[in-house]
Amino acid sequence: MTNLSCTAFLAEHIQNLKIAVIGDVMLDRYFYGEVKRISPEAPVPVNKVKRTKSVLGGAANVAANLAHLECKVFMGGVTGADNNREVLETMMAEKGIDYSGLIKSAQRETITKMRILGAQQQMLRLDFEETGDLVSEETDALSSWLQSLLEAGLDGVIISDYAKGVCSDNFVQWVIRTAHQYQVPVLVDPKGSDWSKYSGCDFITPNLKEMCEASCEAVANEDEAVLRLARTAQDRYQIKNVVVTRSERGMTLVGAEGLAINNPATAQEVFDVSGAGDTVAATLLAGVAGKLELRDAVFMANRAAGIVVAKVGTYPVHRDELLKDLLTEERKQGRGYRTLSWAEIESLAKTWRACGEKIVFTNGCFDILHVGHVTYLEKAAGLGKHLVVGLNSDASVRKLKGATRPLVHELDRARVLAALACVDAVVLFEQDTPTELIEKIRPDILVKGGDYKPEDVAGREYAGAVRIIDFEDGYSTTGIVEQIAQLVKEGKL
């Protein structure tokens, strides 16, 4: 699985990954309210609570991000044997996270963070926690759990360190060494200024503040300064890749053999950065474990971070919304001509439907695109939010129109179609009719051109409605070909 695009990876391969997350598990609780007055008891605002919400926090948020990306996730950590543990178990089960590595401790309570919000802004946070290294029995249980997973087959390990006790020096070094014995990459989301215990890991993902603390040097958020600190840390701790998240400046990666990647920030508005580092860790390692090119994995992680910081509260990125974002960005960068796989368009269509956006589908050969084609496609696009074009492959065109057609290769035809502002996606199909493709997409409106009757349109049973649009008179590919042939015959070409 090499030379994958980010979108193809998300659509077709990410579900096959098995990733273990080890670290400090927390329960994040949110109290949402409104503030309209000051307390008569003290000069503090009164928050009238309207609703509450509990989400997976700390290392568990990394697992939640992986689960929403649809990886197979295994969670290892320690909680208390209390009610908050039960809440965590319920939420993990709902997300399909295997929490068999979540050890119940008799020594501590489940770490819980309570956030008070008014008018969508965080006013106060209350932390309930006990810190300190695990007892030997707890560390042994976690080690045994991870060893079994590695023997069964893992694609990656993430260590999410919040300095609460799970990620002790010796345990972290054992995890890195043991994972490498099975050729499994390890990513660390670090805590603290001494990174000795992370030595030898494959990836480390500090934010700029953490990078400065580890370097004992404060620098401006500028490319050269960040690159210098990252390279120094890379050499000092023998870490293969240092990835620095830089808030409004995006992300920077320093890798082997002088590799340096700077990715600019993508969010238009930033509401809450809590959990963004977890999203970066999850998405980056998923990409690496799935054999994406490193530059593409960084790009994907950066896009994912841009999605979550635009939300309020700890928010795990979802595979479908990331796929939609990446497809949109590919198009902006001029790479939108790539035909989508059936799995990609099926997933994207589900996302559009979930957003209440009407999908229009049409199909054809579109050999030598002309004004008639463009007018037809613009009319079709006007019937909904997104127009998907099913394009007959070269082999399919030959079956329909003979051995001399098409005149234009399928990928070139797709590129020209995708360049039209009215077209959102182009998908190739080999079959005589697009019925199987329409079944995958299930459009709201199926459009056909010419003098068809709706009941005769292939794939109509999988569409919400069928619309027939007349072709523009005087335009046809066959007519253009015949005109060229006549001019050649007359010696005028």
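**Exercise 1.** Classify the lining of the largest cavity in this predicted model as nonpolar, polar or charged.

*Solution.* Begin with the search of the whole structure, which finds one cavity of 30 Å³ or more. The volume of the largest cavity is about 60 Å³. Next, list its lining: Asp24, Val78, Thr79, Arg108, Glu109, Thr110, Ile111, Leu134, Lys164, Gly165 and Val166. Then sort by class, with Gly counted as polar.

**Exercise 2.** Determine whether arginine 85 is buried or exposed, and describe its surroundings.

*Solution.* Locate the residue: arginine 85 belongs to helix α3, which spans residues 83–95. Its relative accessibility is 5%, and the cut-off for buried is under 20%. Arginine 85 therefore counts as buried. Now look at the side chain, which reaches the backbone oxygen of leucine 102 at 2.9 Å. Finally, set aside neighbours within four places in sequence; the contacts of arginine 85 are then Thr79, Gly80, Tyr99, Leu102, Ile103, Lys104 and Thr110.

**Exercise 3.** Find the buried residues of helix α12 and state where they lie around the axis.

*Solution.* Helix α12 covers residues 371–381, and its buried residues are Gly372, His373, Tyr376, Leu377, Ala380 and Ala381. These residues cover an arc of only 165° around the axis, so they sit on the same side of α12. The general rule behind this step is that an α-helix has 3.6 residues a turn, so residues three or four places apart point the same way.

Methods: Residues are numbered from 1 along each chain as its sequence is written. This is a predicted model: local features need pLDDT of at least 70, side-chain atom pairs count only at pLDDT 80 or more; totals for chains, interfaces and linings use all residues. Side-chain values use heavy atoms; hydrogens and water are left out. Helices (H or I, at least four residues) and strands (E, at least two) are DSSP runs, numbered from the N terminus. Buried means under 20% relative accessible area, exposed over 50%, partly exposed in between (1.4 Å probe, protein chains only). A polar contact is a pair of N or O atoms within 3.5 Å; within protein, one must be able to donate a hydrogen and the other to accept it, and residues adjacent in sequence count only if both atoms are side-chain atoms. Contact means heavy atoms within 4.5 Å. On a 1 Å grid over the protein atoms alone, a cavity is a set of points where a 1.4 Å probe fits but cannot get out, and a pocket is an open set with protein on both sides within 12 Å along at least five of seven lines; lining residues have an atom within 4 Å of a point. Grid points are joined across faces, edges and corners, and a volume is the space filled by probe spheres set on the points. The arc is that of the directions from the helix axis to the C-beta atoms.
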